[in-house]
Structure formats: structure tokens, C-alpha cells
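Reader: Hi! I'm new to this one, could you walk me through it?
Author: Happy to, here it is.

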Amino acid sequence: MEEPVASVTVCEDGPLLVRGQFTLLTQDGEVVDPGRATVALCRCGRSTIKPFCDGTHKVIGFQAPSASTGDRPAAGA
Ligand code: FES
């Protein structure tokens, strides 16, 4: 079986764009139909259709960089 190949793009001041072959799951492991090949996942927390982005981030002026702003804690920390 071929492993899924996907990319996740962190959009400045916006969502996470997921492209490629992926499976979207709930925390309980239920499959969520993304409805399209590329999905935008809400990063601002204010979408009314979570986990998908509905564009609210623009209305609320959500700001977050595309790249990390600091070092991540060590694994297991
Ligand atoms: S990132 Fe778009 S609504 Fe939250």
C-alpha cells in the first residue's frame, strides 16, 4: 500500500492549507470527508465550520506568521 503524500502550508495570518493525498480524522479516528482535494483548516479558532476555515480570520484580523517564531521544546519535554 502506498503511503499518502501530502503537504501542509502555513498561511501567514490565515489557515493551514492541506494538499495531496491525506486522510482527515477526528480525535476519535472517524474519517472526515474534506469535500475537496485541497482544504483550508482553521488556525484562528473562530471559524463556524471547524475544522475548516470559513474566512473569518480576515474579518477578525487574525495575525500569525507563516514560519515559527521560536524554538520548539525538546521532544518529550
Ligand atoms: S483560519 Fe480562517 S477562519 Fe480561522
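Author: What follows is a short chat about the fold, the sheet and a few single residues.

Reader: Before we start, what kind of model is this?
Author: This is a predicted model, in which local features need pLDDT of at least 70, side-chain atom pairs count only at pLDDT 80 or more, and totals for chains, interfaces and linings use all residues. Residue numbers start from 1 along each chain, as its sequence is written.

Reader: Thanks! How many helices and strands does the protein chain have?
Author: There is 1 helix and there are 5 strands. Helices (H or I, at least four residues) and strands (E, at least two) are DSSP runs, numbered from the N terminus. Along the sequence the pattern reads β-β-β-β-β-α.

Reader: What does the C-alpha trace span?
Author: Along its principal axes, the trace spans about 40 × 35 × 25 Å.

Reader: And how much of the chain is buried?
Author: Of the 77 residues, 8% count as buried. A residue is buried if 20 or more other C-beta atoms lie within 10 Å of its own, exposed if 12 or fewer, and partly exposed in between, with C-beta atoms placed from the backbone.

Reader: Let's look at the sheet. What order do its strands have?
Author: The order is β1-β2-β5, in an open sheet of 3 strands with antiparallel pairing. Two strands pair if DSSP finds at least two bridges between them. β1 (6-10) and β5 (39-41) are the edge strands, each pairing on one side only. From one strand to the next, the twist averages 25°; the axes behind such angles are lines fitted to C-alpha atoms, for helices over the stretch in contact, and angles run from 0 to 180 degrees between N-to-C directions.

Reader: How many bridges hold β1 and β2 together?
Author: β1 and β2 pair over 5 bridges, in the antiparallel sense. Ala 6 has Gly 20 in β2 as its bridge partner, and Thr 9 has Leu 17 in β2.

Reader: What about β2 and β5?
Author: Strand β2 (residues 16-20) is joined to β5 by 3 bridges, and the two run antiparallel. Leu 16 stands opposite Leu 41 in β5.

Reader: Is β1 covered or hardly covered?
Author: Hardly covered: among the 5 residues of β1, the count of buried ones is 0.

Reader: New topic: the helix. Where does His 57 lie, and is it buried or exposed?
Author: His 57 lies in helix α1. It is buried, because 22 other C-beta atoms are within 10 Å.

Reader: Which residues is His 57 in contact with?
Author: Leaving aside neighbours within four places in sequence, His 57 is in contact with Asp 13, Gly 14, Pro 15, Cys 44, Arg 46 and Phe 62. Two residues are in contact if their C-beta atoms, placed from the backbone, lie within 7 Å. His 57 and Arg 46 are 11 residues apart in sequence, and their C-alpha atoms are 7.0 Å apart.

Reader: What's in the loop between β5 and α1?
Author: Among the residues there are Pro 51 and Gly 55. A cis peptide bond joins Lys 50 and Pro 51, with omega about 15°. Gly 55 is partly exposed, with 13 other C-beta atoms within 10 Å. The C-alpha atoms of Gly 55 and Ala 40 are separated by 9.5 Å.
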